[in-house]
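The sequence and the structure are shown first.

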Amino acid sequence: GIIEVCKCWKKVLEAVPNAQLYVMGSEKLYENVQLGKYGVARSDFENQFMPYVTDQDGSVIPSVHFLGLVNEEKLDYFQKASVGIINPSGCHETFGMGIVEMGIAELPVVTSTSNGYYDTVISGTTGYICTDVNDLSDKIIYLLKHPDKNKEMGENGKKNAMRFSPDIIIPQWKKLIEDVYNDHLGFL
C-alpha cells in the first residue's frame, strides 16, 4: 500500500502543510532482500513510489519519515498520530491486525475496500474504507482538519477493537472449531 500512500501525500500536504507521514515497515520484513537507495524496498519497487515523496534532487521531502521495522515503539507512534493508514492496496493482507492495534490506541484508520478490513473498520464510525487514491487523500485530509470527528472515530475504534480481544475472540474460535469437529454448525 506504500504506492497509494505516497501518491496521495502531496495532495494531503497542499491541504494540511504541517502534516507528517511516518511510514513503518520495510520489505525486509517478508524476505531477505537487497534494499535500494532509500533503504525501504528493492530498487525496482522504490522506483515506483519514491518519486511521489522526493524533491527534484531525489531527496525525501521533509514531511516523510521512513522508520523501517518497528517493534515496541509502534504503540507510541500510534498514540502520537492523528490518522492511521494501513495498506490501502489491500495486497497481502487478510485481517489487518494493525487496524486493531491502531484502534486500541484510539487512532482512526483509513484503508481500502479489501479483505478483512470490513470486519475491522466500520466506515464512517471508526475510520474510512476508501475506493481509490483520491478518496484516500480526501479522508486523510478530512480527519486532519476535523479534530472532533477524529477523536470520536478514535474512541469508537477503541471500542470496536475490543471485539477482537483474546478474552472474547478465543471462546468464539473454540466454539467454531468444536462445532465443525462435531458437525454441529447451525447455519447448514
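The structure contains one cavity of 30 Å³ or more, a cavity being a set of points on a 1 Å grid over the protein atoms alone where a 1.4 Å probe fits but cannot get out. The model is predicted, with local features requiring pLDDT of at least 70, side-chain atom pairs counted only at pLDDT 80 or more, and totals for chains, interfaces and linings using all residues. Residues are numbered from 1 along each chain as its sequence is written, and side-chain values use heavy atoms, with hydrogens and water left out.

The largest cavity has a volume of about 70 Å³, a volume being the space filled by probe spheres set on the points. Its lining (residues with an atom within 4 Å of a point) consists of Ile99, Val100, Gly103, Leu107, Val109, Thr120, Val121, Thr126, Gly157, Asn160, Ala161 and Phe164. Helix H4 (97-104) and helix H7 (147-161) are the elements that give two or more residues to this lining. By class, the lining of the largest cavity has seven nonpolar, five polar and no charged residues; Ala, Val, Leu, Ile, Met, Phe, Trp, Tyr, Cys and Pro count as nonpolar, Asp, Glu, Lys and Arg as charged, and the others, Gly among them, as polar.

The protein has eight helices and five strands, assigned as DSSP runs (helices H or I, at least four residues; strands E, at least two). From the N terminus on, the elements run α-β-α-β-α-β-α-β-α-β-α-α-α. The C-alpha atoms fill a box of roughly 65 × 45 × 30 Å along the principal axes.

Two helix pairs are compared below, with axes fitted to C-alpha atoms over the stretch in contact and angles running from 0 to 180 degrees between N-to-C directions.

| Helix pair | Axes come within | Crossing angle |
|---|---|---|
| H1 (residues 2-15) and H6 (residues 133-145) | 9 Å | roughly 45° |
| H4 and H7 | 7 Å | roughly 120° |

H4 and H7 are therefore oblique to each other, where angles under 35 degrees count as roughly parallel, over 145 as roughly antiparallel, 65 to 115 as roughly perpendicular and the rest as oblique. In their contact (heavy atoms within 4.5 Å), Val100, Gly103 and Ile104 of H4 meet Gly154, Gly157, Lys158 and Ala161 of H7. These residues divide into three nonpolar, three polar and one charged.

The axes of H1 and H6 cross at roughly 45°, which makes H1 oblique to H6. Residues in this contact include Val5, Cys8 and Val12 of H1 and Leu136, Ile140 and Leu144 of H6. By class, the contact of H1 with H6 has nine nonpolar, two polar and five charged residues.

Notes
On a 1 Å grid over the protein atoms alone, a cavity is a set of points where a 1.4 Å probe fits but cannot get out, and a pocket is an open set with protein on both sides within 12 Å along at least five of seven lines; lining residues have an atom within 4 Å of a point.
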